[in-house]
Amino acid sequence: MRIIMLGAPGAGKGTQASIISKKMNIPHISTGDIFRYNIKNNTKLGIEAKSYIDKGLLVPDELTINIVKDRLKNDDCKKGFLLDGFPRTINQAEALDKVLSDMNLNLNLVLNIFIKDEAVIKRLSGRRVCPNCNAGYHLIYSPTKLEGICDECKSEVIQRNDDKEETILERLKTYHVQTEPLEKFYEKKGLLKSVDSQGTIEQTKIEVFKVLGVE
């Protein structure tokens, strides 16, 4: 089965993608992971991507697509794959269509993990992390036993910049402008299915499995 995961920052699509990957025995392909792999291994594509990243520039679509295409040629993708974090724009989606067509492959499903913006802000802005031992907490869902103090090493926990409300709002704004239009793009192709992820991870998983037709 060949699947694309869509979802706003904080929707939990990465978590659900990992669950689906294990359940269906197909690779979970995160664009961040393949960039890191190519850069770490000094592949031709990785060296080219690093030249942009080191300058603080976005990696061009054409290079991103080539890196994804290269990954899809691996043997572990023969039974299917799950793309997480790509495509992010209509241009990337159209380019992916061409790549898959050239490979005589087609998509089976685009799974949209839906969540309201208010819930994203509540979920992400409540996250705290220990800078010393990397233990993770949440003000509402998994607070520290002593307020603001890590249970493990007793260091003071912090809020990462990515989890500050102003940063979250910017990330959501970018998502709505660039990536959300993909919902209509894939809906027109009859591929889109949406699952509400405002409940627990387990509740969302049950709904996802219903869409996939697995137990």
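Is Cys-130 buried or exposed? Cys-130 is buried, at a relative accessible area of 1%. Buried means under 20% relative accessible area, exposed means over 50%, and partly exposed lies in between, with a 1.4 Å probe and protein chains only.

This is a predicted model: local features need pLDDT of at least 70, side-chain atom pairs count only at pLDDT 80 or more, and totals for chains, interfaces and linings use all residues. Residues are numbered from 1 along each chain as its sequence is written, and side-chain values use heavy atoms, with hydrogens and water left out.

**Cysteines**

A disulfide is a pair of cysteine sulfur atoms within 2.5 Å. By this rule the count is 0 disulfides. Cys-130 is in none; its nearest cysteine sulfur belongs to Cys-153, 3.4 Å away. Cys-153 counts as partly exposed, because its relative accessibility is 27%.

**The sheet**

Helices (H or I, at least four residues) and strands (E, at least two) are DSSP runs, numbered from the N terminus. Two strands pair if DSSP finds at least two bridges between them. Here 5 strands form an open sheet in the order 2-3-1-4-7, with parallel pairing. Strand 2 (28–30) and strand 7 (192–196) stand at the edges; each has a single partner strand, so one side of each lacks a neighbour in the sheet. Neighbouring strands are turned by 25° against each other on average, direction ignored. Axes are lines fitted to C-alpha atoms, for helices over the stretch in contact, and angles run from 0 to 180 degrees between N-to-C directions.

Strand 3 pairs with strand 1 (residues 2–7) through 4 bridges, running parallel. Strand 2 joins strand 3 through 3 bridges, also parallel. These residues stand opposite one another:

| Residue | Opposite residue in strand 3 |
|---|---|
| Arg-2 | Phe-81 |
| Ile-4 | Leu-83 |
| Ile-29 | Leu-83 |

Phe-81 and Leu-83 point one way from strand 3, Leu-82 and Asp-84 the other way, and all are buried.

**Asp-84**

Asp-84 sits in strand 3 (residues 81–84). Asp-84 counts as buried because its relative accessible area is 9%. Its side chain makes a polar contact of 2.7 Å with that of Lys-13. A polar contact is a pair of N or O atoms within 3.5 Å; within protein, one must be able to donate a hydrogen and the other to accept it, and residues adjacent in sequence count only if both atoms are side-chain atoms. Contact in general means heavy atoms within 4.5 Å. Beyond four places in sequence, Asp-84 touches residues including Lys-13, His-28 and Thr-31.

**Cores**

A nonpolar core is a set of buried Ala, Val, Leu, Ile, Met, Phe, Trp, Tyr and Cys residues joined through side-chain atoms within 4.5 Å. The largest has 50 residues; Ile-3, Leu-111 and Tyr-186 touch the most other members. Helix 4 (residues 61–72) gives the largest share of this core, 5 residues. Another core, of 5 residues, lies apart from it, and Cys-130 and Tyr-137 are among them.

**Leu-100**

Leu-100 belongs to helix 5 (residues 90–102). Leu-100 counts as buried, because its relative accessibility is 2%. Leaving aside neighbours within four places in sequence, Leu-100 is in contact with Leu-72, Phe-81, Leu-105 and Leu-107. The C-alpha atoms of Leu-100 and Pro-27 are separated by 16 Å, and the two are 73 residues apart along the chain.
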